[in-house]
Amino acid sequence: MREREAGRQRRRAREFETFVAGAAGRLLHTATLLTAEPVRPPGTNERAQRLLTSALARTYADWDRLHGEDPYNRTRQDLANRFAREAWRHHRPLGGLLDRLTPQERLVLVLRLYEGVAEEQTAALLGLPAERIRATLNRSVATMRGTREPTARRRPARPLGAAP
């Protein structure tokens with residue numbers, strides 16, 4: 001009986017290691033974009049690494065309960081949820097690619113454009129109406145193009161679920 005359980009645990013660990021080997025790079029980049037930390041020099045994205053480690057730990061804990069669900073989607077969802085819950089507590093770092101955006105704008109932009117998550121899925125994930133997702137994405141893109149003043153510098157940050 002113990003041998004069977006040990007074999008199952010080894011198989012679970014191998015499956016998870018294979019998943020991490022294939023997905024960790026992209027997920028770390030997603031986390032780095034969300035936290036707006038600089039990518040260079042290597043190792044400067046400590047907050048993103050902590051965020052990803054927490055999301056991967058949750059995915060591993062739920063590995064046996066995924067039942068055919070895509071582990072990448074599950075990890076990305078947990079990453080977004082953790083970022084959304086904790087974004088307002090941290091000081092905004094300088095020097096990241098998306099540091100001109102508010103946490104909500106970064107989250108919407110990364111999910112929609114970098115990760116390719118559909119508008120309806122993004123709205124459901126964040127608990128916001130699709131129209132708000134669309135407006136936030138348009139505002140984010142305009143800011144990044146330089147056709148709009150950066151939102152992060154115009155008004156103080158507020159929690160992601162707060163009303164405008």
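Colleague: Of the contacts in the protein chain with a separation of 6 or more, what share comes from residues 24 or more positions apart?

Modeller: Such residues account for 65% of those contacts. Please keep in mind that this is a predicted model.

Colleague: How many helices and strands does the protein chain have?

Modeller: The protein chain has seven helices and zero strands. Read from the N terminus, the order of elements is therefore α-α-α-α-α-α-α.

Colleague: What percentage of the residues count as buried?

Modeller: Of the 164 residues in the protein chain, 42% count as buried. The accessible surface of the chain is about 9,500 Å², and carbon and sulfur atoms hold 53% of that surface.

Colleague: Turning to the core, which residues of the largest nonpolar core touch the most other members?

Modeller: They are F19, L27, L79 and L107, in a core of 34 residues. At least two residues of this core come from each of α1, α2, α3, α4 (103–114), α5 (119–126) and α6 (130–145).

Colleague: Which helix supplies the largest share of this core?

Modeller: Helix α1 does, with seven residues.

Colleague: And what is L27 in contact with, leaving aside neighbours within four places in sequence?

Modeller: L27 is in contact with F19, L52, L56, Y72, T75, R76 and L79. Among these partners, F19 and L79 were also named with L27 as touching the most other members of the core.

Colleague: Which residues of α2 are buried?

Modeller: R47, A48, L51, L52, A55, L56 and T59 are buried in α2. These residues lie on the same side of α2, because they cover an arc of only 165° around the axis.

Colleague: Why would residues three or four places apart point the same way?

Modeller: An α-helix has 3.6 residues a turn, so residues with that spacing point the same way.

Colleague: What covers the buried residues of α2?

Modeller: The cover includes α1 (2–35) and α3 (71–86).

Colleague: Which helix holds R74, then?

Modeller: R74 is in helix α3. Its side chain is joined to that of D62 by a polar contact of 3.0 Å. Not counting residues up to four places away in sequence, R74 touches T59, D62, L66 and E69. Of these, T59 is one of the buried residues of α2.

Colleague: Let me change topic to A36. Where is A36 found?

Modeller: A36 is found in the loop between α1 and α2. Its phi is positive, near 60°, although the residue is not glycine.

Colleague: Is A36 buried or exposed?

Modeller: A36 counts as buried, because its relative accessibility is 1% and the limit for that class is under 20%.

Colleague: Now α5. Which of its residues are buried?

Modeller: E119, T122, A123 and L126 are buried in α5. They cover an arc of only 100° around the axis, which puts them on the same side of α5. The face turned away from that side carries the exposed residues E120 and A124.

Colleague: What covers the buried side, and which residue follows α5?

Modeller: Helices α4 and α6 are included in what covers the buried residues of α5. G127 follows α5, with a positive phi near 70°.

Colleague: Which residues does A130 touch, not counting those up to four places away in sequence?

Modeller: A130, which is in helix α6, touches E119 and A123.

Colleague: Last, S140. Is S140 buried or exposed?

Modeller: S140 lies in helix α6 and is buried, with a relative accessible area of 0%.

Colleague: Which backbone oxygens does its side chain reach?

Modeller: The side chain of S140 reaches the backbone oxygen of T136 at 2.8 Å and that of E105 at 3.4 Å. Leaving aside neighbours within four places in sequence, S140 is in contact with L101, E105 and L109.

Notes: Residues are numbered from 1 along each chain as its sequence is written. This is a predicted model: local features need pLDDT of at least 70, side-chain atom pairs count only at pLDDT 80 or more; totals for chains, interfaces and linings use all residues. Side-chain values use heavy atoms; hydrogens and water are left out. Buried means under 20% relative accessible area, exposed over 50%, partly exposed in between (1.4 Å probe, protein chains only). Helices (H or I, at least four residues) and strands (E, at least two) are DSSP runs, numbered from the N terminus. The arc is that of the directions from the helix axis to the C-beta atoms. Contact means heavy atoms within 4.5 Å. A polar contact is a pair of N or O atoms within 3.5 Å; within protein, one must be able to donate a hydrogen and the other to accept it, and residues adjacent in sequence count only if both atoms are side-chain atoms. A nonpolar core is a set of buried Ala, Val, Leu, Ile, Met, Phe, Trp, Tyr and Cys residues joined through side-chain atoms within 4.5 Å. Accessible areas come from the Shrake-Rupley method with a 1.4 Å probe; for residues, only the protein chains shown count as cover.
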